[in-house]
Amino acid sequence: MSDGTEIPLVVTEVPGPRSCEWVDRLAVRECPAITARRSRRASALGAAADDPIVWESAVGANVWDVDGNRFVDLTAGFGVASAGHRNPAVMAAGVAQMNRLPHVMGDAFPDPTRVLLLERLAALTGLDRAILGSSGSDAVEAALKTGMMLSGRSTVLSFSAGYHGLSYGALAVTGYNVDAFRGPFESQLGPHVRRAEFGGQIPDLSDVGTVIVEPVQGRGGIRVPPAGWLGALADATRAAGAALVFDEVYTGFGRTGDWFAFQDEAVRPDVLVLGKGMAGGFPISVAIGTAEAMDAWGASEGQSIHTQTFLGNPVGCAMALACIEQLETVVPDVRPKGEWLRSELIARGHSVRGRGLMIGIEIPNTLAVSRALLRAGFIVLPAGEQAEVLGVTPPLTITQTQLESFLVALDGVLA
Ligand SMILES: Cc1ncc(COP(=O)(O)O)c(C=O)c1O
C-alpha cells in the first residue's frame, strides 16, 4: 500500500470522466454558490473551463481521484493535512475513540479526552484556558466574544486582506475579498469593526476593545508583515487596554516552522485561535487564552452562555492529541524543508514570500498555472486578493522527491 510519498501519475484527462459525472450530479443537489463549476461542456472558455476533480482517497501528500489519477497535494487540503493525509496514528486514535465514545455532552458532561487535550494545548501554547469549537470561524467567534468580555469595549480592529472565516461574527472582521464575501450581507454586519493596513501604520487604538490579526496572512496572499510590526501592534494593543487575538488557524501547528507563528517574535496574544491542522482532518478548533482573558467570562451558572452540541467532541479531541504527537517529529524539519524549497525557487528566478512550508510564489496567471499543474498531477491553489501568488502549503511530511517533481512540473508549465 502507498505511504503517500509518491510523485503524480495521471492516467486520464483531468478532470476525468468519472469526476465529471459526480460533479454533474452534485450541481443538481448543491447550492450553486458552493462548488465552483465551470460547465465545461457548455462553456466556450476552452482550457480555462475545468470542473474540479473528485477525490476518492488520500494518504501522506498523495490524493487519488475517482478516475484513478494520483496527485501530489501542495495545499494539504486547505492546510488541514499537516501531519499527512490519513496519518495512520491519528486515524487509529480516531477509530479507537469512535469504538469507545463518539459523542459527549458539550457543556453538560465532559469526558477525559477533552481534559487531556486542553492540558496538552496549554503546555504547547503557554496559554491557560480554552474554548473548543468545530471550525476556524467558530473559534474566531469565541475569541471575539472573549475580547468583548475582557475589554468591555465593542470596537474591533482587523486588517486588510485578513481572512477569519465567513460566519457572521468572523465575516464582520474579514478584510479579504470584501466585495464578494461581505457584499450581499453588508447590512447585517455590525458597525463595530475598523480596518487598518496589514503591516502598515498602527492606528490610534484608544476606543478599540479587540485587535484580531493573522501573524502571517494565508488566504490574503501568504503575506509576512515587516519585522517588528507584530510586536509593535502587541505593545499598542496592551497600552490601549485592548485584547490581542492572533488568528493562527492557518499558521498554527508547525506550518511556518515554529509550532505557532507568533513564536518567531517575542510576542504573546491574549487569545490564540487554532483549527485546520489540529486533528488531521477532524473538524475541531480552539480559542485558547490567558487565564485573565478566559476568566473574564465568569463562571457558568448552569447554562453556559457559549456552547454548541458538538463542543469537545471526543473523537476530535483524541485525534488532536495523536496529531500533536505526530507533529512533534515533523515540525523540526519544516524550516529546513521550506528553506530548501525557497532557495530552489529563487534559483529559478522566482520571487517568493512566506515562512516555513507556507510559501507564495509570485508569478503571473496563477489561475491558468494552477490548472495546468493540476493536469500534471499537482494540486495547488492561487492565494491573494488578486490571486497574485501560487500558494504552496503542502503536508509538512512531503518528501524532497515530491517537491523536486513539483519544481520540474512548474518549470514545464511556465516554459
Ligand atoms: C486564518 C484563518 N482564520 C479562520 C479561517 C476560517 O476557518 P474555517 O474555514 O475552518 O471556518 C481560515 C480558513 O481558511 C483561516 O485561514
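A residue counts as near a molecule if its C-beta atom, placed from the backbone, lies within 6 Å of it. In this predicted model, 14 residues surround the ligand. The closest are Ser-135, Gly-136, Ser-137, Gly-165 and Val-249. Helix α5 gives the largest share of this shell, with 3 residues. By class, the shell holds 4 nonpolar, 7 polar and 3 charged residues.

The strands come next. Seven of them form an open sheet with mixed pairing, in the order β4-β10-β9-β8-β7-β5-β6. Strands β4 (129-133) and β6 (193-196) are at the edges; each has a single partner strand, so one side of each has no neighbour in the sheet. From one strand to the next, the twist averages 20°.

Inside the sheet, strand β7 (residues 210-213) pairs with strand β8 (residues 243-247) in the parallel sense, over 4 bridges. Val-211 has Leu-244 in β8 as its bridge partner.

Two helices are placed against these strands. Helix α4 lies across β4, β9 (271-274) and β10 (285-289), while helix α5 packs on the sheet and touches β4, β5 (156-159), β7, β8, β9 and β10. The table gives the direction of each helix relative to β10.

| Helix | Residues | Angle to β10 |
|---|---|---|
| α4 | residues 112-125 | about 55° |
| α5 | residues 136-151 | about 20° |

Conventions: Residues are numbered from 1 along each chain as its sequence is written. This is a predicted model: local features need pLDDT of at least 70, side-chain atom pairs count only at pLDDT 80 or more; totals for chains, interfaces and linings use all residues. Two strands pair if DSSP finds at least two bridges between them. Axes are lines fitted to C-alpha atoms, for helices over the stretch in contact, and angles run from 0 to 180 degrees between N-to-C directions. Two residues are in contact if their C-beta atoms, placed from the backbone, lie within 7 Å. Ala, Val, Leu, Ile, Met, Phe, Trp, Tyr, Cys and Pro count as nonpolar, Asp, Glu, Lys and Arg as charged, and the others, Gly among them, as polar.
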